[in-house]
Amino acid sequence: MKRILGIATALALLGAGTALAHSYKAGPIEIGHPWARATAPSAPNGGAYLSLTNTGTTEDHLVAASTPAAGKAELHTHLNENGVMKMREVPPIAIAPGETVTFAPGGLHIMLLGLKQPLEKGARIPMTLRFEKAGSVEVQIAVEAAGQAAPQAEGHMGATAAGHDHNAAPAQKQ
């Protein structure tokens with residue numbers, strides 16, 4: 001019985017470690033489950049998603065992102081212009097104290113331009129996020145299945161909330 005309990009405890013801790021391992025922190029900014037969708041072999045671009053929660057008392061801004069997996073990473077959003085969906089680069093993104101900003105398909109995202117190779121499900125790619133006050137932090141982007149609406153890993157602080165409305169306003173604050 002003790003052996004079974006020991007094995008169960010070890011497995012639970014392993015699962016908790018895995019869940020906790022995919023959230024990051026830069027000063028008071030908590031970065032939840034960075035992820036991307038797998039891309040087709042010929043796709044030149046991709047997108048990365050995550051959540052940013054400011055646990056501090058002053059506003060901060062996500063200024064830039066970079067990754068060796070792409071020629072360039074830009075902060076983007078989707079806009080509906082006269083019934084046509086378009087993507088546009090946005091200025092640094094404000095994260096107010098006590099607020100969460102969610103990057104999700106159909107809204108804010110980090111556009112990966114000039115992918116050096118396709119994003120394959122199960123891969124992890126490094127990305128550096130640069131904040132105005134909190135500085136820089138390297139995160140690992142978990143590549144999920146193509147067409148994925150939200151991360152599949154349980155126990156993660158998700159980049160998208162359950163029931164996310166893909167037609168919601170681009171800058172979603174919770």
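1. The hairpin comes first. β1 and β2 have 2 residues between them, and G27 in this hairpin takes a positive phi near 55°. Strands here are DSSP E runs of at least two residues, numbered from the N terminus.

2. Basis. This is a predicted model, with pLDDT of at least 70 needed for local features and 80 or more for side-chain atom pairs, while totals for chains, interfaces and linings use all residues. Residues are numbered from 1 along each chain as its sequence is written, and side-chain values use heavy atoms, with hydrogens and water left out.

3. Strand pairing. β1 and β2 (residues 29–37) run antiparallel and are joined by 4 bridges. Two strands pair if DSSP finds at least two bridges between them. Y24 stands opposite I31 in β2.

4. Faces of β1. In a regular strand, side chains alternate between the two faces of the sheet. β1 spans residues 23–26; Y24 and A26 form its covered face, S23 and K25 the uncovered one.

5. Nonpolar core. The largest one has 32 residues. A core is a set of buried Ala, Val, Leu, Ile, Met, Phe, Trp, Tyr and Cys residues joined through side-chain atoms within 4.5 Å. I31, I110, L112, L129 and F131 have the most contacts inside it. Beyond its neighbours within four places in sequence, F131 is in contact (heavy atoms within 4.5 Å) with residues including A26, I29, I31, L52 and V137.

6. Which rings make the aromatic pair, and how are their planes set? The count comes to 1 pair. The rings of W35 and Y49 have centres 4.8 Å apart and planes at 45°, so the pair is tilted. The rule takes Phe, Tyr and Trp rings (six-membered ring for Trp) with centres within 6.5 Å; planes under 30 degrees apart are stacked, over 60 edge-to-face, the rest tilted. W35 lies in β2 and Y49 in β3 (residues 45–54), so the pair ties together parts 14 residues apart in sequence.

7. Burial of the pair. W35 is buried at 0% relative accessible area, and Y49 is buried at 8%. Buried means under 20%, exposed over 50%, partly exposed in between (1.4 Å probe, protein chains only).

8. T102. This residue is in β8 (residues 100–103) and is buried at 3%. T102 and Y49 are 53 residues apart in sequence, yet 7.8 Å apart in space, C-alpha to C-alpha.

9. H109. This residue lies in β9 (residues 109–115) and counts as buried at 2%. The H109 side chain reaches the backbone oxygen of G107 at 2.9 Å.

Note on methods
A polar contact is a pair of N or O atoms within 3.5 Å; within protein, one must be able to donate a hydrogen and the other to accept it, and residues adjacent in sequence count only if both atoms are side-chain atoms.
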